[in-house]
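Reader: Could you take me through some of the words used for this structure, and show what stands behind each of them?

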Amino acid sequence: MRAVWFNRFGGPEVLQYGERPDPVAGPGEVVVRVRACAINHLDLWVRGGLPGLEPEMPHILGNDVVGTIESLGAGVTGLAVGERTLVLPTLSCGACPACAAGDDHLCRAYDVLGRRRNGGYAELVSVPAANCLPYPANLSWEQAAAVPLVTVTAWHMLVTRAHVRAGEDVLVIGAGSGVGSAAIAIARLHGARVIATAGGEAKCARARALGAHDVIDHTREDVAARVRELTGRKGVEVVVEHVGGPVFEAAVRSLARDGRLVTCGATIGAKVTLDINLLFGRHLTLLGSWMGRRDDLTAALVHVASGALKPIVDSVMPLSEARHAHERIERREHFGKIVLTM
């Protein structure tokens, strides 16, 4: 099969395109013929040598897989060769107390396709049969590939962790990111007013087109001060944050009394300064959010299938252009998901 892989950590230049051995479906697994695979920031971290990981080498990235079932491993029932599927990107044991309680994201064996195990930057990929979800028939391959990881992450952040409610003000950091664009749609779906941040006039305009009620250009405006202005000095009830560093600090200052900040990443810095007076004085809640549960994605897919949640695709490139796609993300030129097609 044709694939993109790397055998050493580094920048986009380590990505190679060529032939790799076809995967084989083990017991309880299927092989999926990949039609499209979206790129996530996680791919860049793994490629760069994320500490603590020991990925399968040579390694094939790719969390967001859609395609058709090519072959079935031993013991697989309820699926058929040729059936279209959207693959749940998260991996868990399915048998521990956390999995039994529906908290599969807290499984000690939890992982993501393409993180340690080879993923979808390839014509074929083996996945657990249990991860093959129904395909949203209203979407193209490219649109469907833009759904899984950012949707399960944003839904878990806003709905499961922050319990967003109708009438609340929600600040979404980084509208141009996959998580940010998904969070705008999910917050609006739940009746919230959305204030989004983006960099530059073009991205601000796209954030408004997505449904953000107000947009702050973080390249020239003080985010916390502008939030106070837009909310009559109240602040927002919820912040969706995934950047870290000084952005996290500004997000905390943007919260209203009894506000909740939920974060899932630290793309610009893992170390922050926290004003404890704000934390207790405003009765704030700071929430970490790790990926999401299977149930989060299946709940969101109902709204994807109805057309209420629409995936945002920045651009579509052939698999052979994966290196250029990574470079585009590193230059922060994208808005929404970049999707690779096979």
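Author: Let us begin with contact, which means heavy atoms within 4.5 Å. By that rule Val170 touches, among others, Leu158, Val164 and Ala187, not counting residues up to four places away in sequence. This is a predicted model, in which local features need pLDDT of at least 70 and side-chain atom pairs count only at pLDDT 80 or more, while totals for chains, interfaces and linings use all residues. Residues are numbered from 1 along each chain as its sequence is written, and side-chain values use heavy atoms, with hydrogens and water left out.

Reader: Why are α4 and α10 called roughly perpendicular to each other?

Author: The axes of α4 (residues 148–161) and α10 (residues 294–306), lines fitted to C-alpha atoms over the stretch in contact, cross at roughly 100 degrees. Angles under 35 degrees count as roughly parallel, over 145 as roughly antiparallel, 65 to 115 as roughly perpendicular and the rest as oblique, and therefore these two helices are roughly perpendicular.

Reader: What makes the pair of Tyr110 and Trp290 edge-to-face?

Author: Rings of Phe, Tyr and Trp (its six-membered ring) pair if their centres lie within 6.5 Å, and planes under 30 degrees apart count as stacked, over 60 as edge-to-face and the rest as tilted. Here the centres are 6.1 Å apart and the planes stand at 65 degrees, so the pair is edge-to-face.

Reader: How do you know whether Tyr110 is buried or exposed?

Author: Buried means under 20% relative accessible area, exposed over 50%, and partly exposed in between (1.4 Å probe, protein chains only). Tyr110 has 6%, so Tyr110 is buried, whereas Trp290, with 38%, is partly exposed.

Conventions: Axes fitted to C-alpha atoms, helices over the stretch in contact; angles between N-to-C directions. Helix = DSSP H or I, 4+ residues; strand = E, 2+ residues; numbered from the N terminus.
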